[in-house]
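I opened my notebook to keep track of what I looked up, one entry at a time.

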Amino acid sequence: MMTSWKDKLALTAQRNRQEIVKAKLDRREMMRLGLLTAGGTLIAKAGLSSRAYGQAAPTLTDPDATLGRVPASPPIRPWIQPMPRLVVKTPVNPQDMDHGCPDGTTPIDGATKRIPHQYFSYTPPTDGGPVGTYGPSPANPTYNFAPQKFYELEMEECYIKVHPDYAATRFFAFDGVVPGPLIKAKYGEPVLVRYKNKLPSVKIPQDFGIAEMTTHLHNGHTPSESDGNPVNYFNSIKDPNPVNPFGFKDQHYPNVYAGFRDPQYGPAGNPNEALCSLWYHDHHLDFTAQNVYKGMFGCYNLFDSLDSGDGTGLRLPHGAYDIPIFFHDALFDRNCQTVFDLFNLDGILGDRFLANGAIQPYLNVQRCRYRFRIYAPGPSRWWEWSLWDGTNFLPFWQISTDGNLLPNAVQVTSVRLAVAERVDIIVDFSKIKANRIYFVNRAEQVNGRGPTGKTLSPGTPVLQVNIGGAVSDDSADPAVGAVGNVGMKLRDLPDMDFTALQAKAAKLPSRVWRFERGSGGWMVNGKFFDENVVNASIPMGSEEVWVIQNPGGSWRHPVHIHYEEHRMLTRNGAAVKPATQLNGAIDYSRRDVINLQTNDETRVFMRFRDMKGRYVMHCHNVVHEDHAMMIRWDIV
Amino acid sequence: MPIRHGKNWVMDRRMFFVAAALAPFALARSGKAEQLPQSGAEWFTNVEVKTQDGRTLRFYDDVMKGKILLINFFYTDCDAICPLMTENLARVQELLGHRVGDEIRMVSISLQPEHDTPEVLAAYAETYGAGPGWMFLTGKKDDIELLRHRLGFVDIDPIVDADPEQHVGTVRIANEPMHRWAMTPALLNPAALVRAVNRVIPRFT
């Protein structure tokens, strides 16, 4: 029901915007009419311009933001729906898979050819039975990463109600849910996922997005042919081709620690390289932003004996107390359909904030410790999360950066995330007096190029948390034995002696990568991405220092390097410090995203181990990625 | 809706806006489903443009509609990136061969329309060996500015935006009937640019 004056005001603004579009009022005219400031901000009409997406920020006193400014998206009532929990995927038997069990091959290069998986082989049954055997591949017989768990994910068009006040919104999604299902995987238990493209034919026009997909497991230590390389998109079953008649792609995740070729660790790899909070998302060349915004992202968590998911090892909160949350933003039209500005190269912002696919939901918790895995799927939104009880920002424990456990838990009052970064936190609700708190986003951002740098207080409430009664809690308390802000021990870093690492790095060969704007697009080292140009050809087993630069301007770039984690050595000349946030993030850790601030220069230590093939590095403001801010590097 | 220009146009818009502000409940009553359309004549407009051979065309209906398009902005007096870019596009035209003109249209729009008359454009097109499927367009300054904004060749910083050289480095690639849009750098190597064109065209099997 849309009856309040606020709703009517919102509709009026929408109408104004529509009329301006119809009247073909251009920017100069709008400035002349006094609707635009010189800085490009729309005056009092936040909903009017594609450039002003996301300016209508809800506040605690005005949670749907209709009081202060007029949103472009239709109004909603916040906190009336529960936050959805992710659907946990169950494995299937390979012989029960659609179109037969995996045959050891996978399509690549736009499904124009098919190649064998590098790290497992398939032998068909000799007795005419339903399934053959999986074993080591002839090319790499030393390593047996034969899949033990098999999953099927269907890419499909679906309609989802993101809010009770909204009509259903059309998405492209994995298994018809946004975010896609959670795959819980274990180290030492290789997985094969069959991604089945059942989207509408690519010949059917879409508002935005393209129905060919390539899924990247961010940031898996994944063989190249299963990495979701931007050129490895494949067709829908509705567009069969001779190479891929049934429109699916098998992707192999060995779930092995990095370093498995190093005799020091043996074929299981180095446990200190463990990843925990991963996610998967589309990576189609030129179309990543459109497809991710259309719903193509989901969750993948990895466990081992330390981070066990069952209360053993480090005894982190597990099961119902381990909650991944994907925060993203979107803009909706009057029919509650997502709007993507195809003609905006800076980055796309929305004015509605979603947690696990629901606009401003609530979450009921018990008075004990929880682990939240915070994701930022973008396309272009930065976040700075705090917990707000109406008066204070409450302390909590940060335990990971980019889904990699820190050496120790660190007590903080906020965490800042660029697009694609992950942070795992532990919140001890038994130590919170309030009965209700909010996840508030405090990063001010007025355009898609990045946050302004200003931290808002209290910021935008996105998730309401209602705290119930006390329960017994068998998880470890990060505060036990804490010294200052440094809490319980978690996982050692692969190179614990940072001084030695710095000394080693000083002697290594280095490459410089400059992320810059030019020629109306986004470049690396003055060049735009060309998938056939190998920008760095690196012998397997090498170690290098990469110097990542943002030479200026008003933008920031979350730079993502596929395949291998990195260690940041210096930011702007200064060595990074343990257990210390800089710009709201901890740099002394393993990362797969370098959050490049304006004018930053960072030096990172990279290893290139284990597998050969093509990989990429790109800006994970995916609008920038699609406008060519990407390079290809190969391990040879 | 007819398009008008000059002072009256501005006045009309101003009056319209006041009227809209005074009628806050009109839309709620109309119940009409409206979207922010980034398609069709409504978005891309039918402003009049002139080709290098002097023909007058409506932009959406006659230039864009139903076509696979490569659209870029340039101006003949630009001596920095434009010559390289136009040369690069000429090589793309060669690679695409007869497809340019058949299924694909290349559209280069002048950012200095007052200088770049059809005659100037014709000479420029000839210099670069532009074939029949490659249009060089000029028109009224305000109309061209409108097209530039609609096609997203803009910068959020008005000072940067005022510099025409900022808008000449990229090519929009579109499959208009499919509503599929991508962008590539104009100086991308020609073979890669052709691959980008092919990606917006569904492969028929």
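In which strand is T570(A) found? I located T570(A) in strand β32 of chain A, residues 566-571, where strands (E, at least two residues) are DSSP runs numbered from the N terminus.

Before going on I noted that this is a predicted model, in which local features need pLDDT of at least 70 and side-chain atom pairs count only at pLDDT 80 or more, while totals for chains, interfaces and linings use all residues. Residues are numbered from 1 along each chain as its sequence is written, chains are lettered from A and ligands numbered from 1 in the order in which they are written, and side-chain values use heavy atoms, with hydrogens and water left out.

**Entry on T570(A).** I found T570(A) to be buried, at a relative accessible area of 9%; buried means under 20%, exposed over 50%, and partly exposed in between, with a 1.4 Å probe and protein chains only. Setting aside neighbours within four places in sequence, I listed the contacts of T570(A) (heavy atoms within 4.5 Å), and among them are Q502(A), V576(A) and E601(A).

**Entry on aromatic rings.** I counted 52 aromatic pairs over all chains; rings of Phe, Tyr and Trp (its six-membered ring) pair if their centres lie within 6.5 Å, and planes under 30 degrees apart count as stacked, over 60 as edge-to-face and the rest as tilted. Why is the pair of F208(A) and F340(A) stacked? Their ring centres are 5.3 Å apart and their planes stand at 25°, so the pair is stacked. This pair links distant parts of the chain, 132 residues apart, with F208(A) in the loop between β8 and β9 of chain A and F340(A) in the loop between β13 and β14 of chain A. F208(A) is buried at 3% relative accessible area, and F340(A) is buried at 8%.

**Entry on charges over rings.** I noted that R442(A) lies over the face of F393(A), 3.6 Å from the ring centre, and that the charged end of R567(A) sits over the ring of Y588(A), 5.1 Å from its centre. The rule asks for NZ of Lys or CZ of Arg within 6 Å of the ring centre and within 35 degrees of the ring normal.

Methods
Helix = DSSP H or I, 4+ residues; strand = E, 2+ residues; numbered from the N terminus.
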